[in-house]
Amino acid sequence: MKAGPDIAMVASLVGDPARSNMLTALMSGRALTATELSQEAGITPQTASSHLSKLEAGGLIEQEKQGRHRYYRLTDPDVAGVLEGLAALAARAGHLRVRTGPKDPALRHARICYDHLAGDLGVQMLDSLRQRKLIRQHKHDIELTAEGGRFLEKALQIDAQSLAHPRRPVCKACLDWSERRHHLAGTLGAALMRRFTELNWAARDREPGSRVVQFTRQGEKRFAALFGDAK
């Protein structure tokens, strides 16, 4: 018997279409109920309950009880990173959904990836930070520079010292499924997305499971002033 991590077990959990749809819905970063997840997967609540039990036992999701309701969320950003990477691989290999919805262009332009900005604007932001030497990147390794820390404080009132986390890197490259390039994850990516929301530059779509991020006209102008115009 081979020793080491059981990739097949995790792959089997993610590989089921219904479970895949539920996990994708949880990429919104929001905690959703079993009923909401059953609707996202197109299955009955009873069937969803069985799938959710398997995902929880496999360590991919966790639940939180609030009153009579149980809410489910991804266990951590690493799960989201794996799912985004699989989506990018599927897109590159040509395994795309035949039917696209009206929100597809908006999803590609700006969306949430667990707790950070993805899509065209997310990739644009990382490119800008790298070109201006506010971060250093070698392959997947990214480091915030001293100049980058000063930029965060001056432009967005983000304290770089507050970004340290015992189990999560400050900067991390996350492969973007629609752009097939990297966007910025880690505690910095999360802090930037949170700040855009606080400044009312952007808002999350309120529909359960939606990952679309809508920038206001003024917000997109401010974003462009800091990180350049989208090509």
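**Entry 1: an arginine and an aspartate**

I began with arginine 111, which forms a salt bridge with aspartate 176, the closest N and O atoms being 3.0 Å apart. For my search, a salt bridge is a side-chain nitrogen of Lys or Arg within 4 Å of a carboxyl oxygen of Asp or Glu. Arginine 111 lies in strand β4 and aspartate 176 in the loop between β8 and β9 (182-185), so this pair ties together parts that are 65 residues apart in sequence. I took helices (H or I, at least four residues) and strands (E, at least two) as DSSP runs, numbered from the N terminus.

Are the two partners buried or exposed? Arginine 111 counts as buried at 0% relative accessibility, and aspartate 176 counts as buried at 0% as well. My classes are buried under 20% relative accessible area, exposed over 50% and partly exposed in between (1.4 Å probe, protein chains only). I then followed the shared partners, and salt bridges join Glu84, Arg111, Asp176 and Arg211 into one network.

A note on the model: it is a predicted one, where local features need pLDDT of at least 70 and side-chain atom pairs count only at pLDDT 80 or more, while totals for chains, interfaces and linings use all residues. Residues are numbered from 1 along each chain as its sequence is written, and side-chain values use heavy atoms, with hydrogens and water left out.

**Entry 2: back to arginine 111**

Next I looked up glutamate 84, which forms a salt bridge with arginine 111; their closest N and O atoms are 2.9 Å apart. Arginine 111 belongs to strand β4 (residues 111-113) and glutamate 84 to helix α5, so the pair ties together parts that are 27 residues apart in sequence. I found both arginine 111 and glutamate 84 buried.

**Entry 3: the whole list**

How many salt bridges does a search of the whole structure find? I got 12. I picked out one between the side chains of aspartate 78 and lysine 172, at 3.4 Å from N to O. This pair links distant parts of the chain, with aspartate 78 in helix α5 (residues 77-92) and lysine 172 in strand β8 (residues 172-175), 94 residues apart. Aspartate 78 is partly exposed, with a relative accessible area of 46%, and lysine 172 is partly exposed at 36%.

**Entry 4: a nonpolar patch**

Last, I checked the surface and found that Val82, Leu86 and Leu89 make a nonpolar patch of about 240 Å². Patches are made of residues with over 30% relative accessible area and no salt bridge, with like charges joined within 9 Å and nonpolar side chains (Val, Leu, Ile, Met, Phe, Trp, Tyr) within 5 Å. I used Shrake-Rupley accessible areas with a 1.4 Å probe, and for residues only the protein chains shown count as cover. Leucine 86 sits in helix α5 and counts as partly exposed at 39% relative accessibility.
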